[in-house]
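Let's take a look at how side chains in this protein pair up. Have the viewer open and follow along.

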Amino acid sequence: MHRRLEGRVVIATHNAGKLREMRELLAPHGVECVSAGELGLAEPDETGDTFIANALIKARAASATAKLPAFADDSGLCVESLGGAPGIHSARWAREAGDYPSTMALIETRLQERGCLAPDTRRAHFVSALAIAWPDGHTEIFEDRVDGVLVNPPRGTAGFGYDPMFLPDGHDRTFGEMSAEEKHGLPADGSRALSHRARAFQALEKACLG
Ligand code: IMP
């Protein structure tokens, strides 16, 4: 039995790009969003070994401290020829490389070292796991993905993170070249959204906001 998400909800992220996307997704449902940053909540260590485990760690920690339902996302880019890396370590790779242009250059170097120049050797997908945790311990989990290829050089200045190098299947512009609406908007006719987070959100919406 799914539980309805309503009232005041903590968005358990300190990432400004993700916070903006989540707020845009929740706004039409009249859910009042307050961010973990605004509440001064500490960021828990992401010690899980899956996207879902890490989303649950963040949602549970924020909910327990704020005594409110908390909504968390864990996401990342999985590059098939790199054994799924950076995967759950996508944010860590960027911290260690210093910025996203350097992180994308590092991925490109790793691909070229393996001779991955043809598009079919440059397959990648973004994954988004969404978790909601309530103070009484109830949780809800949703996960989805978007598949595509990595382009070189990266293109576009929209979005955030690895967006400029990710070309979703069936499109000729990277996420970095798409508007926010195109990347993570929810089609009014109920058809499948494009981004991993919007797709996972569609499932959440049906189960917890309908
Ligand atoms: P975390 O979920 O906070 O651990 O971080 C996820 C990492 O994956 C961050 O480094 C993001 O930049 C990256 N990432 C997640 N979703 C997207 C996206 O939609 N576009 C680009 N990068 C993303």
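Start with the rings: F126, F166 and F175 are joined into a cluster by ring pairs. Rings of Phe, Tyr and Trp (its six-membered ring) count as a pair if their centres lie within 6.5 Å; planes under 30 degrees apart are stacked, over 60 edge-to-face, and the rest tilted. Keep in mind that this is a predicted model, where local features need pLDDT of at least 70 and side-chain atom pairs count only at pLDDT 80 or more, while totals for chains, interfaces and linings use all residues. Residues are numbered from 1 along each chain as its sequence is written, and side-chain values use heavy atoms, with hydrogens and water left out.

**Rings**

- Searching the whole structure turns up 5 aromatic pairs.
- One of them is F126 with F175, a stacked pair with 5.9 Å centre to centre and 10 degrees between the planes.
- F126 sits in strand β4 (residues 123-133) and F175 in the loop between β6 and α5, so this pair ties together parts that are 49 residues apart in sequence. Helices (H or I, at least four residues) and strands (E, at least two) are DSSP runs, numbered from the N terminus.
- F126 is buried at 6% relative accessible area, and F175 is buried at 0%. Buried means under 20% relative accessible area, exposed over 50%, and partly exposed in between (1.4 Å probe, protein chains only).

**A charge over a ring**

- R3 has its charged end over the ring of W134, 5.1 Å from the ring's centre. The rule here is that NZ of Lys or CZ of Arg is within 6 Å of the ring centre and within 35 degrees of the ring normal.

**Salt bridges**

- The count comes to 16 salt bridges, each being a side-chain nitrogen of Lys or Arg within 4 Å of a carboxyl oxygen of Asp or Glu.
- K58 and D74 make one of these, with their closest N and O atoms 2.8 Å apart. This pair links distant parts of the chain, 16 residues apart: K58 is in helix α2 (residues 51-66) and D74 in strand β3 (residues 70-79).
- Both K58 and D74 are buried, and together with E46 they're linked in a network of salt bridges.
- K183 and D163 also form a salt bridge, at 3.1 Å from N to O. Here K183 belongs to helix α5 (residues 180-184), while D163 is in the loop between β5 (139-150) and β6 (166-168), 20 residues apart.
- K183 is buried at 3% relative accessible area, and D163 is buried at 2%.
- D147 and R145 meet in a salt bridge too, at 2.6 Å from N to O. D147 is partly exposed at 25%, and R145 is partly exposed at 34%.
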